[in-house]
Amino acid sequence: MTVENKVERSLFNEVMVPCYNPMEMIPVKGEGARVWDQQGREYIDFAGGIAVSCLGHCHPAMVNAVTEQANKIWHLSNVMTNEPALRLAKKLTDVCFAEKVFFANSGAEANEAALKLARRWAADVHGPEKSEIIAFKQGFHGRTFFTVTVGGQEAYSDGFGPKPGDVTHLPYNDIAALEAHISDRTCAIMMEPLQGEGGIISPTSEFVNTVRELCDKHNALLIFDEVQTGNGRTGNFYAYQGLGVTPDILSTAKSLGGGFPIGAMLTTSELATHLKVGTHGSTYGGNPLACAVAEAVVDVVSQPETLAGVKEREALFRDGLTKINDKYQIFSEVRGKGLLLGAALNEEWQGRARDVLVAAGEQGLMVLVAGANVVRFTPSLVITTQEIEEGLSKLDKAIATLV
Ligand SMILES: *Cc1c(COP(=O)(O)O)cnc(C)c1O
């Protein structure tokens, strides 16, 4: 304790690259959906490490998996394969359309692999002119230079010199704009099947179906970025399963490791042939420790009870947020799916999402924002009813301090 207490938030400014502005408190312990800071203050966690801690903190299944594997073997590189990676890949192909898996360490890297596969496929099968990537405004796909360029917020990709080329951004949910633009030059469409960072925006059924039809018509690949929506978050194992539209390539990360860094790019056997030996790779990708944890996570999350539980918890959140709204008239709507929810602030409260986050922190509740006008909730998928109720009551108190 004493040693921990010497490490203070002020040290961040001294030794860390200032690309983040973390909260004042420093969490040191977590259990389920509860977290404690250095001073022993307790928090309810509705943030889940940004849709990562899908089984809460220190879930016994994850602790067992990491401990057991830590005593066996940690790392090999891809010069050899390993048992956890093979078992995890098999499980991922069992729970979704995919037949082949490429492991990475993060969402951005999974997306990087997806984009490189699409470009390589197009070059192999159709020739070099088929290189256009279509993506959507407000979309988010990670921070590597290719993925951040495909993401739909120029503020994130500007200022780093020449960008990877032939990337087009269109408005999300705008069928006419897509119909007018897509052509046989289009290599792939990359999209989130529910925009997370962009403000918790669901695609309309017509939009997502039209995207698939237009991809088929123009021989373009459909890439679903399920880094945030995947691994049970929306109540299906992958969100595409609730939309009835199957992509050709799917990227997954965040909740896949439940708090251990791992990402994966999933695809069909046919497409996978285009990433031959030597075309792509990763030193840590498929690391045994990471795969052992992810395997435990997939085992728990893929159980029908866990997925059904997400929908029950969604109902509790929606009920609670509606009651808070009846009291304070702060939200224009509660949107999203499963435990990827956004409470959009109404006219009067525009720009104040961060105020809500800070006030919640003061009451012992961790929430997220998605832009300036949406308070975002991405808690553990197995958060208890009591933790939900406690958290909502803290949110109520937090908002009371703002009105
Ligand atoms: C978080 C996120 C990413 C980036 O994942 P990292 O692990 O931070 O690289 C990519 N796409 C979506 C949709 C995300 O939410």
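With which residue does Arg 34 form a salt bridge, and how far apart are the closest N and O atoms? The partner is Glu 387, and the closest N and O atoms are 4.0 Å apart. A salt bridge is defined here as a side-chain nitrogen of Lys or Arg within 4 Å of a carboxyl oxygen of Asp or Glu. The pair links distant parts of the chain, with Arg 34 in strand β2 (residues 34-37) and Glu 387 in helix α16 (residues 385-400), 353 residues apart. Helices (H or I, at least four residues) and strands (E, at least two) are DSSP runs, numbered from the N terminus. Both Arg 34 and Glu 387 are buried, where buried means under 20% relative accessible area, exposed over 50%, and partly exposed in between (1.4 Å probe, protein chains only).

The model is predicted: local features need pLDDT of at least 70, side-chain atom pairs count only at pLDDT 80 or more, and totals for chains, interfaces and linings use all residues. Residues are numbered from 1 along each chain as its sequence is written, and side-chain values use heavy atoms, with hydrogens and water left out.

In total, the structure holds 18 salt bridges. Side chains of opposite charge can pair when their charged atoms come close. In another, the closest N and O atoms of Asp 166 and Arg 185 are 2.4 Å apart. Asp 166 has a relative accessible area of 27% and is therefore partly exposed; Arg 185, at 36%, is also partly exposed. A network of salt bridges links Glu 83, Arg 87, Lys 91, Glu 295 and Asp 299.

The ligand is surrounded by residues including Ser 106, Gly 107, Phe 140, Glu 192 and Gln 228, each having a heavy atom within 4 Å of the ligand. The shell divides into 3 nonpolar, 6 polar and 3 charged residues. Helix α6 (residues 107-125) gives the most to this shell, with 3 residues. A backbone N or O atom of Gly 107 lies 2.8 Å from a ligand oxygen atom, and a backbone N or O atom of Phe 140 lies 3.2 Å from a ligand nitrogen atom. For Gln 228, a polar side-chain atom lies 2.7 Å from an oxygen atom of the ligand. The protein covers 81% of the 380 Å² of accessible area that the ligand has on its own, as computed by the Shrake-Rupley method with a 1.4 Å probe.

Note on methods
Polar contact = N/O pair within 3.5 Å; in protein donor to acceptor, adjacent residues only side chain to side chain. Nonpolar A, V, L, I, M, F, W, Y, C, P; charged D, E, K, R; others polar.
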